[in-house]
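User: I am new to reading protein models. Can we go through one together, term by term?

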Amino acid sequence: RQLEQRAREFLKRYLWASRVRFSPPELTPASIDGRQALIVQVTGEEPVKHHRLQARIVFMHRGERVVAFFISQWRSGERPFSQEDFGEFDRFVASFRFVKPSFYENL
């Protein structure tokens with residue numbers, strides 16, 4: 001149930017086989033659709049091919065469970081990341097509605 005604990009666990013396993021060196025994640029508490037949320041922003045570099053990665057992960061509660069939405073962008077060299085794609089992702093997450101209440105919400 002703890003969003004920060006879930007974020008640490010997720011990042012430990014996220015792209016574990018990709019050789020990416022991640023910078024320390026930026027954790028931002030938020031509220032999305034009245035639900036407590038945690039937004040994690042992280043960047044990294046793959047040292048062999050010199051590809052860069054930028055990812056945003058949103059953790060939030062759904063009843064007794066924690067759900068995650070994430071987007072990642074890979075770029076080679078110095079090509080910039082598309083902030084427009086992150087904007088679309090943020091709009092999607094903000095507009096997302098669960099069709100049915102969870103089991104625990106029905107109790």
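User: What makes Arg-56 count as buried or exposed?

Analyst: First, a note on the source. This is a predicted model, where local features need pLDDT of at least 70, side-chain atom pairs count only at pLDDT 80 or more, and totals for chains, interfaces and linings use all residues. Residues are numbered from 1 along each chain as its sequence is written, and side-chain values use heavy atoms, with hydrogens and water left out. Now the label. Buried means under 20% relative accessible area, exposed means over 50%, and partly exposed is in between (1.4 Å probe, protein chains only). Arg-56 has a relative accessible area of 12%. Therefore Arg-56 is buried.

User: Why is the contact of Asp-90 and Arg-56 called a salt bridge?

Analyst: A salt bridge needs a side-chain nitrogen of Lys or Arg within 4 Å of a carboxyl oxygen of Asp or Glu. Between Asp-90 and Arg-56, the N to O distance is 2.6 Å. So the pair qualifies. The two residues sit in distant parts of the chain, 34 residues apart: Asp-90 in helix α2, Arg-56 in strand β4 (residues 51-62). Helices (H or I, at least four residues) and strands (E, at least two) are DSSP runs, numbered from the N terminus. Asp-90 is partly exposed, at 36%.

User: How many salt bridges does the structure hold?

Analyst: It holds 4. One of them joins Glu-46 to Arg-19, with the closest N and O atoms 2.7 Å apart. Glu-46 is in strand β3 (residues 35-46), and Arg-19 is in the loop between α1 (3-13) and β1 (21-22). Glu-46 is buried, with a relative accessible area of 4%.

User: How do you know that Arg-97 and Asp-33 form a salt bridge?

Analyst: Their closest N and O atoms are 3.8 Å apart. The limit is within 4 Å, so the pair counts. Arg-97 lies in the loop between α2 (83-95) and α3 (103-106), and Asp-33 in the loop between β2 (26-32) and β3, so the pair ties together parts that are 64 residues apart in sequence. Arg-97 is partly exposed at 47%. Asp-33 is partly exposed at 45%.

User: Which residues make up the largest nonpolar core?

Analyst: There are 11 in all, including Leu-3, Leu-38, Ala-55 and Val-66. A nonpolar core is a set of buried Ala, Val, Leu, Ile, Met, Phe, Trp, Tyr and Cys residues joined through side-chain atoms within 4.5 Å. The elements α1, β3 and β4 each give two or more residues to this core. A second, separate core has 9 residues, among them Met-60 and Phe-69.

User: What makes Phe-69 and Phe-96 an edge-to-face pair?

Analyst: Rings of Phe, Tyr and Trp (its six-membered ring) pair if their centres lie within 6.5 Å; planes under 30 degrees apart count as stacked, over 60 as edge-to-face and the rest as tilted. Here the centres are 5.1 Å apart and the planes make 65°. Phe-69 is buried at 12%, while Phe-96 is partly exposed at 26%.

User: Why do β4 and β5 count as paired strands?

Analyst: Two strands pair if DSSP finds at least two bridges between them. β4 and β5 are joined by 12 bridges, so they pair. They run antiparallel. Their hairpin has 2 residues between the strands, and Gly-63 takes a positive phi near 65° there.
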